[in-house]
Amino acid sequence: MSETINWSHHDLNGLEELYWDEIAPALRRDGRDPHTRPSYETLADLGYSGIGYTLREHHDLTVKEFLTEVVGLDDSTASSGTPNEYAWQISSTETIDEFEAYLRALDRRRKLADSTLASKRTHLATYAQIYEDLHETSDLLMPLSEPSEQATETERAYQVVEVLDDKLATDGTKFTYVGTVQGWYDRLDRHGAAAYNPLDGVTTDFGWERAEPDNKALAPLDVRALNNEANTPADRLLLIALAAWGLRSGEVARLRVNQFVGVDSDDPHLEFEERKNGPSTVSLLYGLDAYRERQRELVDDYDEWNGYLFPSTQAETGHIDSDTVRNRFHRLAEQADVRVDGDLPKPHMARRFWYSQYQDALADVLDRLDIIADEQGSSSADVVHQNYLSEEKRREARRPAMRELLADAFGK
């Protein structure tokens, strides 16, 4: 629920995650498109007024600046967010056609989530709108066909980036916007529609610095300590979902029984219609006993269970929110006296633990393939792994190692 969100505890990345995890579903329930910027009044009506103070006092941003420059929302109320109806607000149909071709290619090859495509669409439109304001044309294609135009066009493009440099709030956001446009120029170059990329090297020239990601992870001993304090089926499943399945807080909050597929087969997995990078599945290599125990508890406790593994009778969604997941995780850590650099760990550190275990499992597989590499005269185990094993065989090789690592960490 919105009143449980402690806005000031989140950095800009955390606030962006809260938008997609909490505010976007509320906008959909209210019949609004979450890819189009809502007004502050709309957010306040939905109970999210607290974000305004935090943005102003801690990040020197207005709500509008945050939604357009950090989250990357379309600022046109006429747009539905879909490629065919998007209001690019530029005059060159040729440029629009190439933008849409680029986005279709990304969607087809990378299976990106709608939110990611919407952000990239906003980046391209913002760049082209500024270009047209500065240079009285949005035809970005014509100068690219003439190598003799490179110096002049690079100067024009850099002038656009200067505006973005002033307009956008953080270096990370600047990297993201300009990176999308660079990718578009690169595609034109690869397809023979451009003789050069006018933004080649621009991020270095502007001296932006990428924020260091928070890559701190729980250690196996931390996970074991947390597991020892998980004395209820709900707590056990929450920890399993974060650390053994590598889910995000919002994904844990929304877990539903119909996402669990093949739980009695050799390939149990979770199915997601949309994750951050599109539809996907997650293998359930460990912890199905916790799922079954929680399911039995919910069937016994509820006359009409709604199917969510973490239901809420108060929330309109029918399930708890990601802040509740964080609070329960913090409570477990407090009880287990688990600290990372002196502070209570965050749920994403459990997800990072999953990634570190996966890397260790892969390393174990490669160690065992060294013998095969020697016998076959291959240059390395990695060559054998990538070139001589099918994806199914690679999975079969990784899964036992991963199960063993997870079981050891959870103390089972």
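Colleague: Where does Ser 138 sit?

Modeller: Ser 138 is in the loop between helix H6 (114–135) and helix H7 (150–167). Helices here are DSSP runs of H or I with at least four residues, numbered from the N terminus. A word on the source: this is a predicted model, where local features need pLDDT of at least 70, side-chain atom pairs count only at pLDDT 80 or more, and totals for chains, interfaces and linings use all residues. Residues are numbered from 1 along each chain as its sequence is written, and side-chain values use heavy atoms, with hydrogens and water left out.

Colleague: Thanks! Is Ser 138 buried or exposed?

Modeller: Ser 138 is buried, because its relative accessible area is 0%. Buried means under 20% relative accessible area, exposed means over 50%, and partly exposed is in between, using a 1.4 Å probe and protein chains only.

Colleague: And what does the side chain of Ser 138 reach?

Modeller: The backbone nitrogen of Ser 91, at 3.2 Å. A polar atom of the Ser 138 side chain also lies 2.9 Å from the backbone nitrogen of Ser 92. Both are polar contacts, meaning pairs of N or O atoms within 3.5 Å; within protein, one must be able to donate a hydrogen and the other to accept it, and residues adjacent in sequence count only if both atoms are side-chain atoms.

Colleague: Which residues does Ser 138 touch, not counting those up to four places away in sequence?

Modeller: Ile 90, Ser 91, Ser 92, Thr 95, Ala 128, Tyr 131 and Glu 132. Contact means heavy atoms within 4.5 Å.

Colleague: Let's switch to H7. What is Val 160 in contact with, leaving aside neighbours within four places in sequence?

Modeller: Val 160 lies in helix H7 and is in contact with Tyr 127, Ile 130, Tyr 131, Leu 134 and His 135. Val 160 counts as buried because its relative accessibility is 0%. Its C-alpha atom is separated by 9.4 Å from that of Gln 129, 31 residues apart along the chain.

Colleague: How do the axes of H7 and H8 cross?

Modeller: The axes of H7 and helix H8 (residues 171–190) come within 10 Å and cross at roughly 155°. The axes are lines fitted to C-alpha atoms, for helices over the stretch in contact, and angles run from 0 to 180 degrees between N-to-C directions. H7 and H8 are therefore roughly antiparallel, the word for angles over 145 degrees. Glu 153, Val 161, Leu 164 and Asp 165 of H7 make the contact with Lys 174, Tyr 177, Val 178 and Tyr 185 of H8.

Colleague: Last one: how many residues of H11 are buried?

Modeller: In helix H11 (residues 233–244), 11 of the 12 residues are buried, including Pro 233, Leu 238 and Ala 244. Gly 246, with a positive phi near 70°, follows H11.

Technical notes: Helix = DSSP H or I, 4+ residues; strand = E, 2+ residues; numbered from the N terminus. Parallel < 35°, antiparallel > 145°, perpendicular 65-115°, else oblique.
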